[in-house]
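Hello,

Here is the structure I promised to pass on. Please open it alongside this message. My notes come after it.

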Amino acid sequence: MITMIQTSRSIAATVNYVLGPKKRAEIILSKGIFSMQGAANIIREFETQSALRPDAKTKLLHIPMSFHLRDRELMERDGQAIVKEWLRRMEAYGFRFDQYIVVRHHDQDHKNPHFHLVINTTLCDGSAVKTSYIGKYAKMASMEVTRNWAMVATDNRAQRSEPSIAQLGTVQSAISESARPATPYMANDTPSTDAPTGSDGIESDTPSALAAAMMELLIQPTVVHTAGGGGGSKEDDDEKKNKTRKRFFKR
């Protein structure tokens, strides 16, 4: 489950979008909305509450909530309970929402099952919804709900098989203990199905390439960059200095 915090200055544009007929929209949850008969009535109610804070430029929070395709059945069965839990966790972090709708879109069910949460940034007492660090806490609440409901983690960055700090330490130790090039690092005996592959399906060899690069750095002499932009080894630089000194004393 992933949430993305967006803001809107137009109540009508946002509500008409999330309730658009082409989206095959379905309202599954609401608060502070008394008339659910059509988008026009919902817009009117949002605008009435928003008028308590007429100088506010941001009228709504618009939060898409996306789920992994494998969680579609769970989402259809318990979607309302999942969203309610997310809202409770946000309240526990200090966020208060007095008026909102949660809309299910069915037009992307085959590849991107998702909800849209539309929240009025004006509370019923005329004060503003707290938004400081809301993105950080929304992500934390999403991760907690994902774990609690045993859903698939949909943050692709966490699924890449990149070398970890521990792996880098292993490669570094191997290089320092032996002068021969390090063998390719493998986390498991069998290749992971999540390993990054190229266009031909060959597994990425990032750890071994890193080991070779580190070995090359270890055996190369120290490079000193000169003012002219060139470079040379420290030994060559010392030799030039000695020759300069000899010429000076010969004079």
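**The chain**

Please keep in mind that this is a predicted model. The chain has 251 residues, and 33% of them are buried. Its secondary structure comes to 7 helices and 8 strands. Take the contacts with a separation of 6 or more: 74% of these link residues 24 or more positions apart. The accessible surface is about 15,900 Å². Carbon and sulfur atoms hold 52% of that surface.

**Strand E4**

Which strands does E4 pair with? I have three to report, E1, E2 and E6.

- E1 covers residues 2-3 and runs antiparallel to E4, with 2 bridges between them. Here Ile2 sits opposite Ser66 of E4.
- E2 covers residues 6-8 and is also joined to E4 in the antiparallel sense, by 3 bridges. Thr7 faces Leu61 of E4 as its opposite number.
- E6 covers residues 114-120 and pairs antiparallel with E4 over 7 bridges. Leu60 has Asn120 in E6 as its bridge partner.

If you want a place to begin, display E4 with E6 and follow their 7 bridges.

Best wishes

How values were computed
Residues numbered from 1 in each chain as written. Predicted model: local features only at pLDDT ≥ 70, side-chain atom pairs only at ≥ 80, totals over all residues. Heavy atoms only, no water. Helix = DSSP H or I, 4+ residues; strand = E, 2+ residues; numbered from the N terminus. Buried < 20%, exposed > 50% of the residue type's maximum accessible area, 1.4 Å probe, protein only. Contact = heavy atoms within 4.5 Å. Areas by Shrake-Rupley, 256 points an atom, 1.4 Å probe, with all protein chains shown as cover. Pairing = 2+ DSSP bridges.
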